[in-house]
Amino acid sequence: MLLDLAGLDGAPDAVRLAVLVLASRTPWETGVVEIRTSELGRWLGMSASYTASNVVPGLRRSGVVSVETAEGDYGQDDGLKCKVLPLWAAQDVVGHPLNLAKKEYATLQRLLEAVMAPGWKHKDGWVTPAGLIGTRTGRGAATDRLALLLLVLEARETGRVRQCGGTVDTKRGRAAATVARLLGCTASAGERVLERLEDRELVLRVRLKTASGLSNRSRLMVPAVAAAHGRTVGDDVQEGRADALEPEFSDPDDAAGPGEASELETDPQVSGMPVTDVANVAEPDVAAALHTDHPHLVTPVSSPALSGGFSGEGRGGEGRRPERACAGEDQAVDSKDAAAGSVSPVAEGGPLRGEKPKESSVDERGGQCAAGAGTGGRPKAVGWDKAQQQRRVGLPTRPALQVALGPVAGLWAQLSGWQQDQVQAAAEAEIKRLEGLLEHQGGGPRLLANRLTDRLKETGGEALIDKPYGWLIRKGLVQRQACTDPRCDDGIRLDTRADCEMCGNVIHIRRAHRAKTAAEIDRELPGLNDSERRRLLEERLRERVAIEAEDLAWRQEQARVEQTRRDAARAAAQERAERERQKAAAAEAVRRAQPCEDCGRDQAAGLCEACDHRRQTETLIGEAALLAAAGTADLSDPDSVAAVTSEARTAIGSGIAAAWQQFLQITDVAALEADPEAARDAYAFTGFDTARQAVQEFQTTALAMLGRTEEAEAEARRAFKAEQGRPWFQHNPTGADAVAAATEKAEAARERTAEHLLAVRLEQLRERAAAGTEAAAAAPWTDRLPELAARSLDGEAAGAVIA
């Protein structure tokens, strides 16, 4: 059923196999598979890159699997969180073939592990061996794995695979045609797949022999299936001569296709008996009634006209596997050319039997499948012929809509094209709204299907609906809240399908108020008869309901007024923020248009980059000079402070000149000569960077010098002794651990003392500089220009075009 989905038509075998692998690994509790791309590729026999670039996008395009990815180190799809939508939609749908139980999930997983598990090595050294075809990787590996899985599923306990009937290519053989029809490919491709499986001894084509020893027809065997049932496969097999059964439905050559029920065996199979000795298993050319078994209540009909393939029309021209035998047999039609609807809300609709019901308007099986499974099961309503002219028989291709509209497939078929578009849009909007009410995503289609099922039961069936479009738009798809809880629908919680607790509270409150009102009437008027008492009770209850309605209307009006006020306040705030933003943008534009305060460069925002670096360089040089003086100079001697400060400034100036010469050696001097502004900017940044490094060096030197002072040494000695006196070192204060810990504490105390002394000495130097001299304000550019013009340039600066 999964392989027959519309989204997998024309999909590569790797994508189709990935759907089956994800379905087998789906946890029964959550329905969401978490797997790495590389691990999924190992199951498919493909590389991680091929899986990420071809298989994962193919799963997304199919619409069968929803994929959420987590990117790896290089942007690839590394982690996958997948949900097989048909399995998710079939949960809790009674009778649906994909509504698997927990043990069925476990069985499916064990089957795929036995067929194609890649094998694992556990941490404890235990090794899980690979499956039958788990070591097959590379090109065509997914096709071979899918073929073997389908053959295992089609094989009987004896290991024999029932081959297709009809006319086949004699050069390829019936076994190759069987594999081709299972995979949906050509006979030549099926033969190549079969040969590869035979080379690995996974399948056998056993050639039957007659009593005279001549070769006869062949049989397709899967030895692993026979071995799992305790049976063996013989290489030289004598053909059993069973009498052909009298045909009931089909011609002798019309063998059933894959997935159909096999004929009943009269003799029990005994473990250990050779598989091919089973006498009552005949070849397609000998067997007779090979159609799917039907309930005994069905009246036999005449033989169908077949096209030479499976029972009915198997694959057609689309190359897909045949549909399930029950598809198309659950809903009656009322016209000569109208086909019955599909049983499953996921699988495509289409006939599987050669005959078509022509006059039956009711289900002859005496029972109907559950509405949640997508079957109509009801006779169509009449009087809608005009809308039938442009209708689309099948449901939309999206799996979510197929699940949601499955219960009303019969009504959908009666709508016109425009009406179907409107119903589809309304259903999509309702599914999206329901998804927002649920904690876990993916349950919206199932909730909408449950609602439509309940509405149909309430109405009495599709036969009583004479206007399908109006019923769907106004009643079927509309949620009816019985209380204020948004998850309530006719008193039922949408997420749990249980009774709404809020509705129960409302009913309890109303009953309590009714009892209270009745008690008040009995207390006030004890002599009233039953009719008068009931009339008075209903009158007071109506008065209370009117008061509550007025109160609700008042509160709703107040809520509207408050909402209007909030909207107006929000609009005013946005308008005010926009005005402030525009004002700030205008101020920023004005600031950027101002010239530089130092050099007069236009559009410099008040200070160009070169002048800004020059200012910061002067500040850093002053800070470095103070650090040098704080570390080595005698603060009580002004001459010592001045000498150290001057020496530091000279050293920084020399460092700037040396750094500039290094820059000139690695750059194009001609380019600097052509652009004087770029040269000034480069020189300013070089000085700024050199001064910044000098500040760090002078600070490190000053801390090292102050760390060797008497104050720092005394603090270190005290810390050393204090650490040795700790309770845990008292028994051995001179041990290695005690000395190491004490030394660490002493060094930390020395560093803290040096930092404190440096901060104190810097503060003294700044206060003395502020008291002795006042910072001279920079002269305007117009006053400095004549002085700078008269200054001569030295050789190095003139060569580098430095202003």
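**Reading the predicted model by its cut-offs**

Author: Of the contacts (heavy atoms within 4.5 Å) between residues at least 6 apart in sequence, 62% join residues at least 24 apart. This is a predicted model, in which local features need pLDDT of at least 70, side-chain atom pairs count only at pLDDT 80 or more, and totals for chains, interfaces and linings use all residues. Residues are numbered from 1 along each chain as its sequence is written, and side-chain values use heavy atoms, without hydrogens or water.

Reader: What is the mean pLDDT of the chain, and where is confidence lowest and highest?

Author: The mean pLDDT (the predictor's confidence in each residue, from 0 to 100) is 75, and 74% of residues reach 70 or more. Strand β9 (residues 237-238) has the lowest confidence, with a mean of 44, and helix α6 (residues 141-154) the highest, at 92. Over residues 235-389 pLDDT stays under 50, and the model has 291 contacts beyond four places in sequence for them. Residues 795-803 also stay under 50, with 14 such contacts. Where pLDDT is low, the predicted coordinates should not be read in detail.

Reader: How many helices and strands are in the chain?

Author: The chain has 24 helices and 11 strands, taken as DSSP runs numbered from the N terminus (helices H or I, at least four residues; strands E, at least two).

Reader: Why is the pair of W418 and Y469 called tilted?

Author: Rings of Phe, Tyr and Trp (its six-membered ring) pair if their centres lie within 6.5 Å; planes under 30 degrees apart are stacked, over 60 edge-to-face, the rest tilted. The count by this rule is six aromatic pairs. For W418 and Y469 the centres are 5.7 Å apart and the planes stand at 50 degrees, so the pair is tilted. W418 in helix α12 (residues 417-437) and Y469 in helix α14 (residues 468-476) are 51 residues apart, and the pair links these distant parts of the chain.

Reader: Are W418 and Y469 buried or exposed?

Author: Buried means under 20% relative accessible area, exposed over 50%, and partly exposed in between (1.4 Å probe, protein chains only). At 53% W418 is exposed. At 18% Y469 is buried.

Reader: What makes the pair of W660 and Y683 edge-to-face?

Author: The centres of the W660 and Y683 rings are 5.1 Å apart and the planes stand at 85 degrees, so this pair is edge-to-face. It ties together parts 23 residues apart in sequence, since W660 lies in helix α18 (residues 638-666) and Y683 in helix α20 (residues 676-706). W660 has a relative accessible area of 5% and is therefore buried, while Y683, at 34%, is partly exposed. Ring pairs join W660, F663 and Y683 into a cluster.

Reader: Which residues does T690 contact, and why does T690 count as buried?

Author: T690 lies in helix α20. Its relative accessibility is 16%, so T690 counts as buried. Neighbours within four places in sequence aside, T690 is in contact with G655, I656 and A659.

Reader: How many disulfides does the structure hold, and which cysteine sulfur is nearest to that of C596?

Author: A disulfide is a pair of cysteine sulfur atoms within 2.5 Å, and the structure holds zero. C596 is in none, as the nearest cysteine sulfur, that of C611, is 3.5 Å away. C596 is buried, at 5% relative accessible area.
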